[in-house]
Structures are given as structure tokens and as C-alpha cells.
Amino acid sequence: MEAKGKGSAFAKPAPEIGHPVTNFPDDPRFHPLPPVPEADFSLSLEAILPGVTEAAEQAGALAFHALGDTGGIHGAETQNAVAAAMQEQIAKSQGAERPRFLFHLGDVVYLSGESSQYVAQFYEPYQYYDAPIFAIPGNHDGETTAETRCGLEGETALLGFMQNFCSASPRRLFKHRSTMTQPYCYWRLDAPFVHVIGLYSNIDGQLDRRGESRQQEWFTEQLRSAPDDKWLIVAAHHPCFSLDETHGGYVEIMSAMDAAFRDSGRTPDLILSGHVHSYQRFSRDLAGKALPYVVAGNGGFANSSRSLHKMQRGLVIERLPFQTALPTVRLESYDVMNAGFVRVTAGSDCLTVDYFSVSFDDPPAVSREPRDSVTVRSAGMKTAR
């Protein structure tokens with residue numbers, strides 16, 4: 001499965017209307033990764049939230065939030081409004097419906113991931129969010145470099161992200177929230193009912209530099225060894241599919257995922273991504289099931305409807321689902337007018353993704369019921385082990 005269009009020495013080729021994957025640059029940017037730790041790249045939710053396994057078993061499910069692309073450098077109003085909507089869900093829900101954490105899909109800090117921006121763009125907007133926040137890096141989180149910029153000494157790639165999400169032990173860099181202790185920039189979260197594999201798709205949408213395969217091999221092994229009694233979710237910042245005008249889907253991420261699915265013999269139950277500043281949900285016929293691919297990159301950086309990534313010019317969608325140019329891929333739902341977030345609920349026999357919108361009005365209107373929802377059902381029962 002390849003993107004369409006011919007390359008140019010001067011411009012990115014315009015997407016074929018209705019095609020959800022774009023071409024990859026001939027010379028992609030790839031920043032070196034931080035030193036690889038010797039420890040296992042896995043983290044148990046129980047280690048962060050003692051008692052969560054028993055609570056989930058009693059409730060019969062585990063819920064969590066997910067979104068991406070949040071750093072409010074154009075003003076924090078939208079990011080704050082989205083955070084407040086998620087906070088309200090935590091405060092007003094109980095049992096299986098209460099989200100237990102937020103999984104950030106990357107681009108935490110704009111524009112270049114500097115550690116000095118984490119208080120204003122991350123800690124303060126989420127200072128009332130009463131749950132852990134996990135993350136994978138986005139391209140903006142990794143665009144810090146060791147080169148000098150504007151006469152100032154720069155930072156090594158991902159320094160801010162590693163300090164704030166992959167600290168060796170919890171530290172108080174902000175008075176109301178400690179740093180997280182994720183094992184690495186790509187990693188696995190083991191939780192009741194669900195297993196989340198988080199990837200780092202670097203700057204231009206690659207797991208590894210061309211000619212290398214370290215993250216690819218790790219990813220394949222994680223799929224191969226993932227427990228079959230839990231739902232399996234894969235998260236990467238760059239989406240495989242998108243019908244937006246600005247970015248489109250990323251062919252090398254899609255190819256890397258497909259290769260890992262094939263080599264491991266395991267296909268996940270859900271793919272989560274950000275990067276594109278809108279909400280889109282695709283379904284893809286793969287391995288005998290309709291696999292949901294959810295893009296949730298409208299978490300707050302885009303602070304108006306005009307600044308969200310719009311759909312391809314010339315694309316006419318008269319009804320949903322919309323058949324894309326790929327025979328196996330359909331656009332099931334989208335929102336290019338509002339900010340928003342998703343809530344994922346993993347139960348014993350179903351996995352549900354609900355999308356909630358947050359308008360740019362003052363005060364913002366928050367959808368009380370999901371604007372979009374998809375449920376994946378299991379042929380067999382899954383336990384909270």
C-alpha cells in the first residue's frame with residue numbers, strides 16, 4: 001500500500017483527493033534518540049496507582065483519556081477548556097466510567113520542546129487534572145537540538161520530554177505535579193484489561209533511521225509477547241491515515257506497523273494518533289476485523305476553528321462512512337470545527353472509544369454525550385489480569 005503522486009524538487013505533491021496516505025520526503029529529518037536504558041521498557045499502572053487493578057476488576061472496566069497536540073503557545077484558553085472538560089468527567093463519574101489517567105499522543109510542548117516551556121504549556125493547564133498523565137513524544141517534543149539557535153545554546157533532542165516523563169524517580173519540577181517515571185520515549189503500559197504500546201515516530205514519521213531497525217524490532221516483539229487476555233492498543237504521534245489538507249497519513253508509519261503486525265502474527269484492537277489538528281476516525285479491514293484508527297490531535301494547540309487542519313480541498317463527503325481511495329479504508333467520522341478529546345473504556349468483552357467535542361465559544365460548549373463512538377467486541381472474554 002503506497003501513497004500516490006510524484007515527487008518534486010520544489011514542493012510536496014498535492015494529495016490525490018480521497019487518498020488518506022501521502023508521500024514521504026526523500027530526505028526525512030531524524031534526530032538521535034536518548035541513551036537506551038538497560039531496564040525493561042514497560043511500566044505497570046499498578047505501580048503508579050496502587051489498587052487500580054482491584055478497583056477495575058470490581059468495576060468491570062478501565063477508562064482513560066487520550067488526546068494530542070496541546071501546548072497553547074497562542075494562548076491557553078482552548079487547552080484549559082479541554083483540560084477542564086476532562087477534569088469534570090473525572091469528578092462526576094464513578095466506577096467503570098471514571099477515567100483513571102490521560103495518555104498524551106505527543107506534541108506536549110511547542111514549538112521546539114524546550115524544557116523551560118513545560119510549566120506554562122503542560123503543568124499549569126493540567127494542574128487540576130486529578131490523575132496521572134502518560135505520554136509519547138511528538139515531532140515538536142523532539143525538535144530540540146544541540147545546535148545553537150538565535151545565539152543561545154540549544155538542548156539535546158527530547159531533553160524536556162525525558163526530564164518530565166521519563167525521570168528516574170518522581171521530582172517536583174512543578175509544585176502540584178511530580179514528573180512521571182516512564183521507562184523510555186517508546187514504551188509499554190501494562191494496565192487492567194488493556195495493554196498500550198507507545199511508539200516514538202520521531203520528526204517526520206519514522207520509527208528508525210533508514211537502515212536501522214531497533215525500535216521496529218522492539219515493537220514487533222511487544223506485539224508478539226502481548227497477552228491475549230487484554231485489549232491491545234498501539235499509539236504513535238504521526239497517523240497512518242488522514243484526509244486533512246496539511247499533513248495526510250504517513251506511509252512509513254503505516255508500513256512499519258503493517259510489517260510488525262505481519263511478523264508478530266498479532267494485530268492490535270485500536271490505533272491512536274495525533275499530529276493532525278482535528279478529529280478523524282477510520283476503519284480498516286485488516287486481519288478479519290474492522291480495525292479503528294483514531295486521530296485525536298485537536299487537544300488545544302489549535303485555538304480556533306480556522307486553525308484546525310481542514311479536510312482536503314476538493315474532497316466531497318456526502319455521507320459517512322466515506323470510502324477512501326484505499327479499498328480497505330473508510331472514514332467513519334470527523335470533526336474539523338472543534339477542539340476535543342477521547343475516552344477509551346476497556347471492559348471484559350468490549351473496547352469503546354468515545355469522542356467529546358469542546359467548542360471555541362466563550363464559554364466553551366462541551367458535548368455531554370459522545371459526538372462519535374465506536375465499540376470493538378471480543379469473541380472471547382478478557383480478564384483484568
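**Disulfides**

I started by searching the whole structure for disulfides (pairs of cysteine sulfur atoms within 2.5 Å) and found zero. This is a predicted model, where local features need pLDDT of at least 70, side-chain atom pairs count only at pLDDT 80 or more, and totals for chains, interfaces and linings use all residues. I also noted that residues are numbered from 1 along each chain as its sequence is written, and that side-chain values use heavy atoms, with hydrogens and water left out.

C166 has a relative accessible area of 13%, so I put it down as buried. C185 is at 0%, so it goes down as buried as well.

**Salt bridges**

Next I went after charged pairs. Side chains of opposite charge can pair when their charged atoms come close. My search of the whole structure for salt bridges (a side-chain nitrogen of Lys or Arg within 4 Å of a carboxyl oxygen of Asp or Glu) gave 16.

I looked at R188 and D190, whose side chains meet in a salt bridge at 2.7 Å, N to O. R188 is at 13% relative accessibility, so it counts as buried.

Then I took D269, which forms a salt bridge with K289, the closest N and O atoms being 3.3 Å apart. D269 sits in the loop between α7 (251-264) and β10 (270-273), and K289 is in strand β12 (residues 289-296), so this pair ties together parts that are 20 residues apart in sequence. Are D269 and K289 buried or partly exposed? D269 is buried at 10% relative accessibility, while K289 is partly exposed at 27%.

I also opened up D372 and R281, a salt bridge with its closest N and O atoms 2.7 Å apart. D372 belongs to strand β17 (residues 372-377) and R281 to strand β11 (residues 279-286), so the pair ties together parts 91 residues apart in sequence. Both D372 and R281 are buried. I jotted down a network as well: R29, E143 and D204 are joined into one by salt bridges that share partners.

**Around Q89**

I picked Q89, which lies in helix α3 (residues 77-92). Q89 has a relative accessible area of 14%, so I call it buried. Which side chain does the side chain of Q89 make a polar contact with? The partner is the side chain of H65, at 2.9 Å. For a polar contact, I need a pair of N or O atoms within 3.5 Å; within protein, one must be able to donate a hydrogen and the other to accept it, and residues adjacent in sequence count only if both atoms are side-chain atoms. Setting aside neighbours within four places in sequence, I find Q89 in contact (heavy atoms within 4.5 Å) with H65, P99, F341, R343 and F356.

I found a cis peptide bond joining Y110 and L111, with omega about -5°. L111 is in the loop between β4 (99-104) and α4 (118-123). The peptide bond from L320 to P321 is cis too, with omega near 0°, and P321 is in the loop between β12 and β13 (322-323).

I then looked up phi values. D107 has a positive phi near 65° although it is not a glycine. D107 lies in the loop between β4 and α4 and is buried, at 1% relative accessibility. F193 has a positive phi near 70°, again in a residue other than glycine. F193 is in the loop between β6 (187-191) and β7 (194-198), and is buried at 4%.

**Whole protein**

Last, I stepped back. The protein has seven helices and 17 strands, and buried residues make up 59% of its 385 residues. I took contacts between residues at least 6 apart in sequence, and 70% of them join residues at least 24 apart. The C-alpha atoms fill a box of roughly 55 × 55 × 50 Å along the principal axes.

Methods. Buried < 20%, exposed > 50% of the residue type's maximum accessible area, 1.4 Å probe, protein only. Helix = DSSP H or I, 4+ residues; strand = E, 2+ residues; numbered from the N terminus.
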